[in-house]
Every structure is written in C-alpha cells, then in structure tokens.
Amino acid sequence: MVSLLSRIGRVALDQIAGMGRLFLFLVAAVFQAFRPPAKIHLIIYHIKTIGVDSLSVVVLSGFFTGMVMGFQGYYSLRKFNAESWLGSATALGLLRELGPVLSAFMVTGRTGSAMAAELGTMRATEQIDALYSMAINPIKYLVSPRIIASLIAMPLLTAIFNVIGIFGSYVVGVGILGVSSGSFFSGMENSVVFHDVYSGVVKSVCFGLIITWICCYKGFNAPPMATGVSQATTESVVLSFVLILVWDYFLTSIML
Amino acid sequence: MIRVANLHKSFHAQKVLNGVNIEFATGKITTIVGTSGCGKTVLLKHLNALLLPDKGEVFVDSVDITTLGQRDLYQIRGKFGVLFQGAALLDSMTVFDNVAFPLREKTKMSESAINKKVPERLEQVGLGEMGHKFPAELSGGMKKRAGLARALIMDPEIVLFDEPTTGLDPVLATSIHQLIARTHADFGFTGIVVSHTIPQVFDISDYVAMLANGVVEEVTPPEIFRASQNPIVQQFIQGKTEGPIQVL
C-alpha cells in the first residue's frame, strides 16, 4: 500500500516538475524574443516554413471543409425552410470555430511535427550543444524566432482557410444545391459582426503559440537517440491537438 | 589554466565520475584516455559547463565555472572551441556559413572581413574548395575538418576535442592527428583531447591522463605513461581483457 502511494506520489511529482519545465521553457523563449538583437532573418525564414509551406494543405483542407459545411448546412437548414441562411451558418462556423481549430491542426501536422523532429535531431547530433559551446543561446536562436513567426503566420493561414472554406460552401450551396447567390452573401453580411472575426483571430494567435511552444519543447528536450526523436514528434502532435481543443473550450466560453 | 577538483557526476543510479582531480597545462595538449563509457566525454563536457557536476569544482583561469550565472558562463565559453565527436555542424548551413557562424553571431566583423577569414581557416584544414557544400555532402573526415575550422575561427585559448578520430580509417585518423598538431603549433591553444586511438594519439600529446573507475589514475608525458607500472594503465595500453579494468 505504501509503495503504491509512493509510486503515485512520484508520478504526480514528475508530472508537476514536467509542467514547471514546460512553463519555464516558454518564459525563457518569450524573454529571449524581446532581447536584442532581433533575429529578423530567422523570423522571416520561419514565417515561410510555417506559413507559405503550409499554404497548400490549408487551402485544400479549407476548401473541402467548406464544401462539407455546404452540404451539411443545407441538409439541416432545409428542415426549417432556412436554406437562405447557409452563407451565414458557414461563415459563423468557420470564423468562430472551425477555421482556427482546423488550420491549427493542419499546421501542427505539417510544421509542428517537423519542428519537433528537427530540434530532436539537432539535440541527438549535438548541434544544440555546439550552440551552447559557441556561447550562443539556442533558445534565442532556435525557439524564439519560431514563436514570433507562428504568431504572425497562424492568423494569416486561418484567414485564408476561412475565405477558401466560405468559397467551398458557396460552390456547393449556390453551384450545386441551388441556393441563391444573393441570399448566401446577404445572410452572411447581416449576421457576421466584428467580434466573430476578432474571436477567431485571438484563437489562431493562441493556437500558434501552443503549437510552437509544445513542438519546440518536445524536440529541444528529446532523448538523444532515434526513438527519442520519433517519440518527441508523436508526443508534440498529440499534446498540441489536446491543448488546442482544451484552450478552444476556454476561449469560446470567455468570448461567446 | 583549467583545474578540476573533486568532480562527481552520476546519471540516475550510475556513478560516472567519482572525485576527478586534474590540472591541464596551459598551451599544451593533454589527452584523456580510458575505456569506452568510462566518462571521458562527460568529463570534457564539464570543462565548459555543458554539464554541471553533482559535486566538485571546475576552475578556468581561477574562476569556478560551476557557480557562474548564464551571462558569465557565456563569456567563459567564448574562450573555448569545441570539436564534437560527430562534428555537430549545423546541417541547414553550408560549410562556409557554419565556419562563419560564430563570427556573425558573436562579433561585429564585416562580411568582407568574414569572407577573407573563413576561406583562410578552411584552407588551413584542407577544405579550401568545400565552402559551398552542405554537411550531408561531406565525408566523415571532411566533417571533422570543417568542425575544427569552426572551433578555431574565434581564435580560442582552449580547444576541446571529443574523440576526433572515432569512426575514421587509420590514414584519415593520422591526418586528423597531424592537423591537430599543426593547428596547435600555429595557434598555441591549450588542447584537451578525448581519445582511445592509442598509441597514435601519444604522438600529438604533451600529457596523457588515464581515466578509470571514475577517477584520473595518472597524468604523465606519453613516454612515462607507456612505461607506467600502474596495472590499469598497462592493461589499457596492451588491450588485455584480464586485469583491474572490468570488461562488461
């Protein structure tokens, strides 16, 4: 009984210590982000890897998400003779919820996992130790620019996801199911307010931070071996997904 | 001058260093030898505080670096150049950019001055024409040479070599040893080499230190080391399986 309790206690203490290290890692990365000199060229490079390189997958997933919303929305709204509200339902669903969450999932899968694998490999091949030994802070060089880049790239990707998604819903609703183009857009115009757009932007910024924070932490602290890198990559994706959904719940409840 | 005093380090339940005491002579090359897994690299990583000890001190120019804050530590690390076992080149950069990296990050040197200094260093390690290549395009020996060029680019006072010839054939290993000896003669740094390539490494060493059972057994010039009466040293030099060193 005592040994069981001590084992539970040890696991609990390990978890708390792990959360503490995770939080301190974020504090260090944010602190280094504000310390000069700014790594502008690295920030631009990572905006490209997080933003531009994720564009195709975000566009594709946004288009098909919008098309599915077109079909499902039409099916539900027809029961209430409210097909003309399809544009409004699609826009609100995408702007407030699906756009930020799904584009965050796409970026996690496309870029977050690559971040964890890259930093994990750098740890295993002593490249991070090499930075320390050259008196260069690896958190400032490797992590802070990625965090800043994700804060810039994520809202832009989400905006593109939203626009493409609305277009996908328009193609299905107006082009295939015969909803009037005028009612599709006028319904959207009447129901969407600035707060809907704003809450989506806030969510996308938070999700961008979560993705780079978790994926960089897992990669940075990966055990220096092949299985360590693969384990870090898997854990970073799973933990990012879970935290995105948990944080989405809290943000939605605050900003509804 | 670097001095290690009563250094202890464990990883979980495994004791690796168990009271290491050693002094590295300034301007000389000291080679640390010992069996695989005896803690040579662990000791080396304590010298520029890449690892911190459980107990004990590491003095660099009379400053105990185990107690320093981050800012002072980075200043001390500026005295060091390190050649890692796998060279640890940043694989997203070309060889030129890898060698230029510390200059760009740690100095205000102009690009034109960098464009002059980096090719000089690459030439000194025999990679004059390889600056445009990425690490993945280099052989093991070339990577070590590029790593050495990067370790020397800031004209460090102390250079740490972590198994510089591991994984290389005997010809390449000799060429790396010669390169270390030549650059040492050119730059006059304090060199600390971790190696088990004996007896070849004795040719470039001013002192040889034997690490076994978590302590330094002996630090002597190579010729005295070879003739040592210490059974641990003799077993290691002769590569015997029977003796005080336990073979797992």
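Lys203(A) is buried, at 2% relative accessibility, where buried means under 20% relative accessible area, exposed over 50%, and partly exposed in between, with a 1.4 Å probe and protein chains only. I start there and then go through the salt bridges, the cores and the interface.

Some housekeeping. This is a predicted model, in which local features need pLDDT of at least 70 and side-chain atom pairs count only at pLDDT 80 or more, while totals for chains, interfaces and linings use all residues. Residues are numbered from 1 along each chain as its sequence is written, chains are lettered from A and ligands numbered from 1 in the order in which they are written, and side-chain values use heavy atoms, with hydrogens and water left out.

Back to Lys203(A). Its side chain meets that of Glu97(A) in a salt bridge, 3.0 Å from N to O. By salt bridge I mean a side-chain nitrogen of Lys or Arg within 4 Å of a carboxyl oxygen of Asp or Glu. The pair joins distant parts of chain A: Glu97(A) sits in helix α4 (residues 86-124) and Lys203(A) in helix α8 (residues 194-220), 106 residues apart. Helices (H or I, at least four residues) and strands (E, at least two) are DSSP runs, numbered from the N terminus. Glu97(A) is partly exposed, with a relative accessible area of 25%.

Over all chains, the search of the whole structure finds 17 salt bridges.

One is Lys9(B) with Asp54(B), where the closest N and O atoms are 4.0 Å apart. Lys9(B) is in strand β1 (residues 2-11), and Asp54(B) is in the loop between α1 (40-47) and β4 (55-60), 45 residues apart. Lys9(B) is buried at 11% relative accessibility, and Asp54(B) is partly exposed at 48%.

The other is Asp61(B) with Lys79(B), at 2.9 Å from N to O. Here both partners lie in loops, Asp61(B) between β4 and β5 (63-64) and Lys79(B) between α2 (70-77) and β6 (80-83), 18 residues apart. Asp61(B) is partly exposed with a relative accessible area of 33%, and Lys79(B) is partly exposed with 22%.

Now the cores. A nonpolar core is a set of buried Ala, Val, Leu, Ile, Met, Phe, Trp, Tyr and Cys residues joined through side-chain atoms within 4.5 Å. The largest has 91 residues, and those touching the most other members are Leu142(A), Val143(A), Val4(B), Val20(B), Leu47(B) and Ile192(B). It draws at least three residues from each of domain 1 (1-79 + 157-163 + 189-248) and domain 2 (83-155) of chain B, with bounds from an automatic or database domain assignment. A second, separate core of 41 residues includes Leu122(B), Leu148(B), Ile204(B) and Val233(B).

Last, the interface. What does each chain put into the contact? Chain B gives 24 residues and chain A gives 17, contact being heavy atoms within 4.5 Å. About 1700 Å² is buried between the two chains, 55% of it on carbon and sulfur atoms; buried area is the accessible area (1.4 Å probe) that two parts lose on being put together, summed over both.

There are three salt bridges between chain B and chain A. Lys39(A) and Glu105(B) meet in a salt bridge at 2.5 Å, N to O. On the side of chain B that touches chain A, the elements giving two or more residues are α2, β6 and α3 (95-106). Finally, a network of salt bridges links Arg123(A), Glu126(A), Asp129(A) and Lys45(B).
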